[in-house]
Amino acid sequence: KKFKNILKDNYINFFYKKENSLINGSIIFPFYHHVFDDEVKNFTLQLKFMKNYGDFISYDESIKIIKTGINKKDKYFCLSFDDGFKNIINNVVNICLNNQIPVNFFIPTDFIDNKRSDSGKVFFNNDKLRVDFLSWKDCKKISNENLFTIGSHSVNHNLISKLSTDNCLFEVVESKKKIENELKIPCEHFAPPVGDYSLHRDLNIIKEAGYKSLSSTKRGLMNKDSNDIFGIKRH
């Protein structure tokens with residue numbers, strides 16, 4: 001096992017040395033949906049791997065850096081989780097606290113406290129599946145930590161570009177209000193479900209609602225050539 005680890009370290013150092021230089025002057029936004037019990041070990045290894053190549057920063061810090069311009073020698077990672085699944089409180093929060101890693105959690109407000117019976121259908125297209133979500137008490141515990149922020153992932157996890165203007169407004173505005181009322185914190189970041197939104201109507205609604213960023217599901221780095229805080233690329 002020790003020999004295998006040495007080989008792995010040498011492999012990473014050799015093959016990623018050149019690739020590492022390609023991420024200079026950038027922020028990488030890795031995003032997750034879940035860390036189930038059998039994924040905790042690999043999640044921890046991924047965090048360790050990223051820490052070898054850059055510093056972890058919060059969503060608020062990343063927005064400031066993108067707006068002012070990132071130093072060409074710096075490289076950062078900014079983590080987020082979509083969907084608000086229960087395993088976050090059990091398998092993510094303490095690991096990130098212990099390693100001092102900031103995280104933003106995007107939550108769909110109508111599913112918090114397990115209010116919905118159709119969660120399996122909505123998230124996994126499976127009527128028989130029951131998905132366990134965070135409670136508002138869990139969310140309060142998360143938001144009380146300075147390392148963590150909570151953003152909106154809509155109310156009902158609908159594809160907002162397919163909705164009427166009124167329904168889109170409801171998803172964007174009411175989710176923000178619900179988070180702020182329940183947790184007594186500002187909700188400043190929005191991630192549309194499945195990365196779906198229109199560049200004109202929906203984007204304007206999101207900006208007018210008072211959000212400071214929009215996180216997409218488009219892959220890529222955020223750097224001097226890609227610096228739109230209302231089009232954050234995530235991996």
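Tutor: Start with a network of salt bridges that links Asp110, Lys115, Arg116 and Asp118. Keep in mind that this is a predicted model.

Student: What makes Asp110 and Lys115 a salt bridge?

Tutor: Their closest N and O atoms are 3.4 Å apart. The cut-off is 4 Å, between a Lys or Arg side-chain nitrogen and an Asp or Glu carboxyl oxygen. So the pair of Asp110 and Lys115 qualifies, at 3.4 Å.

Student: How do you know that Asp110 and Arg116 also meet in a salt bridge?

Tutor: The N to O distance there is 2.9 Å. That lies within 4 Å, so the label holds.

Student: Why is Lys115 called exposed, and why is Arg116 called partly exposed?

Tutor: Lys115 has a relative accessible area of 54%. Exposed means over 50%, so Lys115 is exposed. Arg116 is at 21%. Buried would need a value under 20%, so Arg116 counts as partly exposed.

Student: How many salt bridges are there in the whole structure?

Tutor: The search finds 12. One of the salt bridges joins Glu188 and Lys212, with the closest N and O atoms 3.2 Å apart.

Student: What makes the Glu188 and Lys212 pair a tie between separate parts?

Tutor: Glu188 sits in the loop between α8 (165-183) and β8 (189-190). Lys212 sits in the loop between α9 (201-208) and β9 (213-214). The parts are 24 residues apart in sequence, so the pair ties them together. Lys212 is partly exposed, at 44% relative accessible area.

Student: Are Cys96 and Cys168 buried or exposed?

Tutor: Cys96 has a relative accessible area of 0%, so it is buried. Cys168 is at 0% too and counts as buried.

Student: Which residues have the most contacts inside the largest nonpolar core?

Tutor: They are Ile27, Phe43, Leu47, Phe81, Phe105, Ile142 and Ile150, in a core of 61 residues. A second, separate core has five residues, including Phe85, Phe111, Phe123 and Phe133. Beyond its neighbours within four places in sequence, Leu47 contacts Phe56, Leu79, Ile95, Cys96 and Ile101.

Student: Why is Thr109 called buried?

Tutor: Thr109 has a relative accessible area of 5%. That is under 20%, so the label is buried. Thr109 is found in the loop between β6 and α6 (119-124). Not counting residues up to four places away in sequence, it touches Trp136, Ser154, Val155, Ser175, Lys178 and Ile179.

Student: What makes β6 and β7 a pair of strands?

Tutor: Strand β6 (residues 103-107) and β7 share five bridges, in the parallel sense. Pairing takes at least two bridges, so the two strands pair. Phe106 stands opposite Gly151 in β7. Four of the five residues of β7 (148-152) are buried.

Student: How many aromatic pairs does the structure hold?

Tutor: It holds 16. One of the pairs is Phe56 and Phe77, 5.9 Å centre to centre.

Student: Why is the Phe56 and Phe77 pair called tilted?

Tutor: The planes are 45° apart. Stacked means under 30 degrees and edge-to-face over 60, so 45° is tilted. Phe56 lies in strand β3 and Phe77 in strand β4, 21 residues apart. Both Phe56 and Phe77 are buried.

Student: What makes Phe111 and Phe133 an aromatic pair?

Tutor: Their centres are 5.3 Å apart. The limit is 6.5 Å, so they pair. With 35° between the planes, this pair is tilted. Phe111 is buried at 0% relative accessibility, and Phe133 is buried at 2%.

Note on methods. Residues are numbered from 1 along each chain as its sequence is written. This is a predicted model: local features need pLDDT of at least 70, side-chain atom pairs count only at pLDDT 80 or more; totals for chains, interfaces and linings use all residues. Side-chain values use heavy atoms; hydrogens and water are left out. Buried means under 20% relative accessible area, exposed over 50%, partly exposed in between (1.4 Å probe, protein chains only). A nonpolar core is a set of buried Ala, Val, Leu, Ile, Met, Phe, Trp, Tyr and Cys residues joined through side-chain atoms within 4.5 Å. Contact means heavy atoms within 4.5 Å. Rings of Phe, Tyr and Trp (its six-membered ring) pair if their centres lie within 6.5 Å; planes under 30 degrees apart count as stacked, over 60 as edge-to-face and the rest as tilted.
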